[in-house]
Amino acid sequence: LHTMSADQPAIESNLPSEDELVNVLEDTTDVPMRRPDLKLYQSLVVDDEVRELISLSDEYLQAIGYTDHGIRHVGRVAMRAAKIVRLVGGNAHEEDLAACAGLLHDIGNLVHRSEHDQASAHIDFDLLPSRRSSLWEFERTCAAIRTHAQHNRVPTAPVSAAMLITL
């Protein structure tokens with residue numbers, strides 16, 4: 001978090017404190033796989049094809065020496081992103097989309113580690129339109145996935161901002 005100068009406009013008062021963000025980011029409790037309140041996330045986390053993509057990506061990364069990027073990692077990122085959206089005053093729908101982006105953010109690693117955020121968004125583009133109820137949801141999820149590994153990008157929505165903070 002940064003401090004504002006006197007000439008900057010006031011930021012909404014519902015922004016989380018630095019302590020609240022640290023608490024979310026340091027939470028290492030087991031990830032709940034069942035979140036019926038997050039409809040899109042729940043449909044994806046039990047989807048066999050999505051689970052296989054996550055597993056294949058993790059296998060590739062383990063082969064080249066990276067630590068866990070499997071369901072535990074992406075599930076934890078999903079829950080952190082959802083919590084951050086809630087902390088900044090996002091609605092339940094945005095919280096669900098943030099969880100989806102967290103779940104899918106590393107699937108592009110099965111293509112290659114370099115620029116995996118772009119590959120993840122492309123896989124999302126090919127895989128998920130039939131699993132989304134609107135193009136707007138699809139765009140928000142892809143934007144968040146593309147944003148997560150590019151720390152110089154400006155997030156365009158709370159869902160993207162949450163993905164930048166969680167990683």
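In helix 6, the buried residues are H116, D117, A119, S120, A121, I123, D124 and L127. Buried means under 20% relative accessible area, exposed means over 50%, and partly exposed is in between, with a 1.4 Å probe and protein chains only. Helices here are DSSP runs of H or I with at least four residues, numbered from the N terminus.

Before going on, a word on the source. This is a predicted model, in which local features need pLDDT of at least 70 and side-chain atom pairs count only at pLDDT 80 or more, while totals for chains, interfaces and linings use all residues. Residues are numbered from 1 along each chain as its sequence is written, and side-chain values use heavy atoms, with hydrogens and water left out.

Back to helix 6. Its 12 residues should span 16 Å at 1.5 Å a residue, and the end C-alpha atoms are 16 Å apart, which agrees. The expected span is 1.5 Å times one less than the number of residues. What do the buried residues of helix 6 pack against? They pack against helix 3, helix 5 and helix 7, where contact means heavy atoms within 4.5 Å.

Helix 3 is next. With 16 residues, helix 3 reaches 22 Å from its first C-alpha to its last, close to the expected 22 Å. Its buried residues are V50, L53, I54, S57, D58 and L61. They cover an arc of only 130 degrees around the axis, so they sit on the same side of helix 3; the arc is that of the directions from the helix axis to the C-beta atoms. The face turned away from that buried side carries the exposed residues D48 and A63. The buried residues of helix 3 pack against helix 2, helix 4, helix 5 and helix 6. At the N-terminal end, D47 is the cap, with a side-chain oxygen 2.9 Å from the backbone nitrogen of E49. After helix 3 comes G65, which has a positive phi, near 100 degrees.

Now helix 5. Here 11 of the 13 residues are buried, so helix 5 is largely enclosed by the rest of the structure. Among the buried ones are E94, D96, C100 and G102. N91 caps the N-terminal end of helix 5, through a side-chain oxygen 3.0 Å from the backbone nitrogen of H93. The side chain of H93 also makes a polar contact with the side chain of E137, at 2.5 Å. A polar contact is a pair of N or O atoms within 3.5 Å; within protein, one must be able to donate a hydrogen and the other to accept it, and residues adjacent in sequence count only if both atoms are side-chain atoms. E137 lies in helix 7 and counts as buried, at 5% relative accessibility.

How many salt bridges does a search of the whole structure find? The search finds 1. A salt bridge is a side-chain nitrogen of Lys or Arg within 4 Å of a carboxyl oxygen of Asp or Glu. E95 forms a salt bridge with R86, the closest N and O atoms being 3.2 Å apart. E95 is buried, at 8% relative accessible area, whereas R86 is partly exposed, at 44%.

Last, the core. In the largest nonpolar core, of 30 residues, Y41, V50, A99 and L103 touch the most other members. Such a core is a set of buried Ala, Val, Leu, Ile, Met, Phe, Trp, Tyr and Cys residues joined through side-chain atoms within 4.5 Å. Not counting residues up to four places away in sequence, A99 touches L38, Y41, A78, M79 and A82.

Note on methods. Helices (H or I, at least four residues) and strands (E, at least two) are DSSP runs, numbered from the N terminus.
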